[in-house]
Amino acid sequence: NNNKNNNNNDVASSLELKSIENSYYEIRFSKQKQFLTNILLQELENSITKNKIKIETDFDECKENFENLNKKTEENKTTLENNSDQLVKLFGEIKILQSEKKRLEKEIEDEKVNLIEN
């Protein structure tokens with residue numbers, strides 16, 4: 001009977017030891033899992049920060065490009081308006097010159113007729 005009690009005590013002690021050992025490994029695994037989770041969270045945070053900085057930089061570049069494009073568009077608009085004004089002036093001058101040419105041609109014809117008659 002005493003032997004049976006010893007065996008039962010040994011089994012109980014062994015089970016208790018296994019239970020303590022399992023608890024130890026569970027705690028250890030939990031701490032390792034937490035450690036790795038913290039590392040992954042830190043990497044994720046770093047990646048988010050880098051992406052945020054890149055987005056802000058890209059946005060600033062786009063804004064600058066848009067402002068430059070608007071500036072160039074205004075410059076081109078002014079140039080077109082100036083060219084248009086110059087063309088209108090040139091067409092006006094051409095019409096004046098064409099009228100003057102016709103007047104001179106008529107004058108020359110009149111002179112020829114006058115010379116032939118005399």
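Visitor: Which side chain meets Lys 106 in a salt bridge?

Guide: This is a predicted model, in which local features need pLDDT of at least 70, side-chain atom pairs count only at pLDDT 80 or more, and totals for chains, interfaces and linings use all residues. Residues are numbered from 1 along each chain as its sequence is written, and side-chain values use heavy atoms, with hydrogens and water left out. Side chains of opposite charge can pair when their charged atoms come close. A salt bridge here is a side-chain nitrogen of Lys or Arg within 4 Å of a carboxyl oxygen of Asp or Glu. The partner of Lys 106 is Asp 110, at 3.4 Å from N to O. The two are about one helical turn apart because four residues separate them in helix H1 (helices are DSSP runs of H or I, at least four residues, numbered from the N terminus).

Visitor: Which residues do salt bridges with shared partners join into one network?

Guide: Glu 100, Arg 103 and Glu 107 form that network. Arg 103 pairs with Glu 100 at 2.6 Å between the closest N and O atoms, and with Glu 107 at 2.7 Å. The structure holds seven salt bridges.

Visitor: Which residues form the nonpolar surface patch?

Guide: Patch residues have over 30% relative accessible area and no salt bridge, and nonpolar side chains (Val, Leu, Ile, Met, Phe, Trp, Tyr) are joined within 5 Å. Accessible areas come from the Shrake-Rupley method with a 1.4 Å probe, and for residues only the protein chains shown count as cover. Leu 87, Leu 90, Phe 91 and Ile 94 make up this patch, with about 390 Å² of accessible area together.

Key: Patch = residues over 30% accessible without salt bridge, like charges linked within 9 Å, V, L, I, M, F, W, Y side chains within 5 Å.
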